[in-house]
2 protein chains.
Amino acid sequence: MQVSTVVTRQRATPAPTLPLPLKPGALTLALALALAAGGAHAARANAASEARSAPAPAPAAKASLGDVIKASKPGDWRPLDPNNTLYLELPGGRVVIELAPDFAPNNIANIKTLVQERYYDGLAVLRSQDNFVAQWGDPDEKNPKPLKSAKAKVAGEFTVPMANDKHFVRLPDRDGYAPLVGHSNGFPVGRDPKMRSTWLAHCYGMVGVGRDNDSDSGNGAELYAVTGHAPRQLDRNITVVGRVVAGMPLLSALPRGAAPMGYYDKPELRVPIKSVRLAAELPEAERSHLEVMRSDAPTYQAAVEAQRNRGGPWSKYAAGHIELCNAPIPVREQADK
Amino acid sequence: MQVSTVVTRQRATPAPTLPLPLKPGALTLALALALAAGGAHAARANAASEARSAPAPAPAAKASLGDVIKASKPGDWRPLDPNNTLYLELPGGRVVIELAPDFAPNNIANIKTLVQERYYDGLAVLRSQDNFVAQWGDPDEKNPKPLKSAKAKVAGEFTVPMANDKHFVRLPDRDGYAPLVGHSNGFPVGRDPKMRSTWLAHCYGMVGVGRDNDSDSGNGAELYAVTGHAPRQLDRNITVVGRVVAGMPLLSALPRGAAPMGYYDKPELRVPIKSVRLAAELPEAERSHLEVMRSDAPTYQAAVEAQRNRGGPWSKYAAGHIELCNAPIPVREQADK
């Protein structure tokens with residue numbers, strides 16, 4: 001299945017009929033993601049409106065997310081850490097996953113062991129359930145692949161102490177699932193000040209550790225990515241380890257499985273995993289060079305505000321609110337690569 | 001692209017390795033949808049837990065959504081109204097859309113005119129933007145298909161008077177985008193008692209009318225369905241006319257378009273529309289026979305509660321909350337058909 005993930009870097013939501021300075025090869029899916037949830041509209045022709053929004057009538061001259069990204073400085077962005085970036089290589093291309101070790105140090109350590117020992121290579125995406133998750137792991141339950149030196153059981157890190165997280169920036173908007181929400185290093189998080197706990201929220205593109213009933217029954221051998229509306233009911237119930245920052249359609253646009261829970265009913269429908277590698281394992285030339293907007297920079301506040309109260313001639317009603325999972329942090333290709 | 005949409009009717013989230021009484025041909029995607037958001041978990045083996053949850057230890061013997069559906073009575077369900085049901089026929093199968101004329105009477109009247117005059121037949125799905133929408137309409141901007149007797153401009157029905165909606169059942173859970181939320185005849189809605197207004201919310205699967213900048217620039221010739229995390233910022237900005245109740249993967253699993261906003265960059269990637277028909281136009285034998293859980297029945301309250309506070313041995317933390325778009329109304333095949 002061919003999935004094209006080319007998006008333009010400079011423009012937010014340009015009209016599809018305009019000639020565009022497309023940058024071929026750009027894989028910045030999370031930017032598309034951010035723009036989808038943030039800047040894009042549902043009507044076809046309205047896209048032109050954002051391009052025309054620069055000379056907007058005062059006092060409603062609100063910056064769009066595209067404007068904010070365009071006006072950002074290099075220091076508003078950070079590169080991915082190659083020691084905390086996974087490449088899930090599928091036949092259709094590369095899925096880039098940023099890990100969040102502050103939130104799941106032990107599970108991530110086990111996943112890194114599995115990667116180093118090539119556990120995932122040759123396994124498959126087993127499940128694609130509409131509006132829920134895509135999941136990958138070992139298809140052979142009767143004769144499972146050995147875990148080698150990785151642990152078979154890792155205690156769930158469903159929440160971690162707030163002290164683990166030095167980068168929390170609160171979103172003032174109300175949330176039904178957590179006392180406080182915000183972002184930490186670009187990841188959507190919930191926190192409960194009374195319990196002094198924090199956790200990664202199940203937004204679109206977040207990656208978690210499948211488990212059985214016991215809290216310690218997960219080990220990272222089976223992972224899933226959220227491909228639908230945020231299943232926030234899973235928050236604090238399962239270990240979340242990171243988020244997909246590029247290549248999301250390679251998982252979200254997979255055919256849905258016909259068996260219960262979206263499992264593929266025929267082995268040939270499974271999507272084989274060519275390999276999973278830590279970015280640091282690859283030579284520089286083979287890495288994806290992405291950068292993430294710093295969620296502790298003022299530009300991020302402007303990016304959120306541009307989505308909370310949208311300007312431009314298309315919007316008739318400003319929500320005055322943004323929900324945690326509707327404010328994903330922009331990702332783009334590094335400018336100098 | 002083959003998309004399989006067979007789901008089982010009786011079971012909630014059975015283990016994929018169990019022998020299952022699958023009912024071939026069942027198209028109840030929205031049930032899968034409801035179960036995805038509601039009953040299913042992200043781990044593979046955990047599915048068995050729900051099956052084992054019957055003799056749960058008191059006092060935590062909570063019903064799962066599957067239990068609620070199983071215990072429901074025929075009167076808890078209503079059939080679709082053939083005069084307000086659209087069949088969008090794609091090469092991969094049928095997408096069933098339930099219209100909500102209480103919320104958009106004029107736009108829906110225009111859409112019905114377009115259907116009756118076969119406007120959509122031969123047009124195409126033009127756009128699939130990851131985590132946002134799939135959109136269909138006329139690919140030929142230079143030489144557009146005539147609208148015949150349909151109106152070219154229909155005033156936006158972004159909100160309607162609360163008096164239009166006789167079936168509202170409030171969800172007590174907090175919401176950031178609307179003063180009150182709930183369901184009306186199975187549709188997710190927001191309402192503002194101060195403004196005496198109500199509107200359909202942009203949850204997964206909802207269908208809306210694409211428009212240009214002017215509020216009356218939509219006419220139903222271009223429609224979209226939400227295929228990602230609920231873009232609630234569109235609420236009160238655009239006319240929503242209904243929701244997809246079956247066949248959602250035929251839209252959600254489409255390859256994403258490579259052009260900006262997810263438009264297909266090559267004409268051959270567009271998905272041709274074979275036809276759009278009102279169910280009432282087809283002979284009985286050719287109709288989809290689906291029923292929707294009545295959102296004004298006590299069983300619906302139980303269904304919501306089963307998702308707000310989940311039981312069973314898998315759940316470690318009960319959210320005590322359900323977000324509007326995480327509580328889709330179950331849909332299933334009619335028992336007697």
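This briefing covers confidence, domains, strands and single residues in the structure above.

The model is predicted: local features need pLDDT of at least 70, side-chain atom pairs count only at pLDDT 80 or more, and totals for chains, interfaces and linings use all residues. Residues are numbered from 1 along each chain as its sequence is written, while chains are lettered from A and ligands numbered from 1 in the order in which they are written. The model scores ipTM 0.86 and pTM 0.87.

**Confidence**

- Chain A has a mean pLDDT of 85, and 82% of its residues reach 70 or more. Here pLDDT is the predictor's confidence in each residue, from 0 to 100.
- Residues 1-60 of chain A have pLDDT below 50. This stretch still has 167 contacts in the model beyond near neighbours in sequence. Two residues are in contact if their C-beta atoms, placed from the backbone, lie within 7 Å.
- Where pLDDT is low, the predicted coordinates should not be read in detail.

**Domains of chain A**

- The assignment gives domain 1 (29-79 + 291-333) and domain 2 (83-287). Such bounds come from an automatic or database domain assignment.
- Between the two, 17 residues of domain 1 of chain A are in contact with 21 residues of domain 2 of chain A.
- On the side of domain 1 of chain A that touches domain 2 of chain A, α1 (29-38) and β16 (290-293) of chain A each supply at least two residues. Helices (H or I, at least four residues) and strands (E, at least two) are DSSP runs, numbered from the N terminus.
- α1(A) gives the most to that side of domain 1, with three residues.
- By class, that side of domain 1 has 13 nonpolar, two polar and two charged residues. Ala, Val, Leu, Ile, Met, Phe, Trp, Tyr, Cys and Pro count as nonpolar, Asp, Glu, Lys and Arg as charged, and the others, Gly among them, as polar.

- Strand β11 (residues 206-209) of chain A is covered on both faces. A:Met206 and A:Gly208 are buried on one side, A:Val207 and A:Val209 on the other. A residue is buried if 20 or more other C-beta atoms lie within 10 Å of its own, exposed if 12 or fewer, and partly exposed in between; C-beta atoms are placed from the backbone.
- β11(A) pairs with strand β13 (residues 240-246) of chain A in the antiparallel sense, over three bridges. Two strands pair if DSSP finds at least two bridges between them.
- Three bridges also join β11(A) to strand β12 (residues 223-226) of chain A, again antiparallel.
- A:Val207 has a bridge partner in each of these strands: A:Gly242 in β13(A) and A:Ala225 in β12(A).
- β12(A) is covered on both faces too. A:Leu223 and A:Ala225 are buried on one side, and A:Tyr224 and A:Val226 on the other.
- Strand β5 (residues 133-137) of chain A runs antiparallel to β12(A), with four bridges.
- A:Tyr224 in β12(A) stands opposite A:Gln135 and opposite A:Gly208.

**Open sheet of chain B**

- Five strands of chain B form an open, antiparallel sheet in the order β6-β10-β9-β8-β7.
- β6 (160-161) and β7 (168-171) of chain B stand at the edges with a single partner strand each, so one side of each is left without a neighbour in the sheet.
- β7(B) is joined to strand β8 (residues 180-184) of chain B by four bridges, and the two run antiparallel.
- B:Val169 stands opposite B:His183 in β8(B).

**Residues in loops**

- A:Gly257 sits in the loop between α5 (249-252) and β14 (271-272) of chain A. A:Gly257 is buried, with 25 other C-beta atoms within 10 Å.
- Leaving out residues up to four places away in sequence, A:Gly257 touches A:Arg127, A:Ser128, A:Gln129, A:Gly262, A:Tyr263, A:Tyr264 and A:Asp265.
- A:Gly257 and A:Leu171 are 86 residues apart in sequence and 36 Å apart in space, C-alpha to C-alpha.
- A:Asn185 has a positive phi of about 55° although it is not a glycine. A:Asn185 lies in the loop between β8 (180-184) and β9 (187-192) of chain A, and counts as buried with 22 C-beta neighbours inside 10 Å.
- B:Arg118, also not a glycine, has a positive phi of about 65°. B:Arg118 lies in the loop between α4 (105-116) and β4 (124-128) of chain B, and is partly exposed, with 13 other C-beta atoms within 10 Å.
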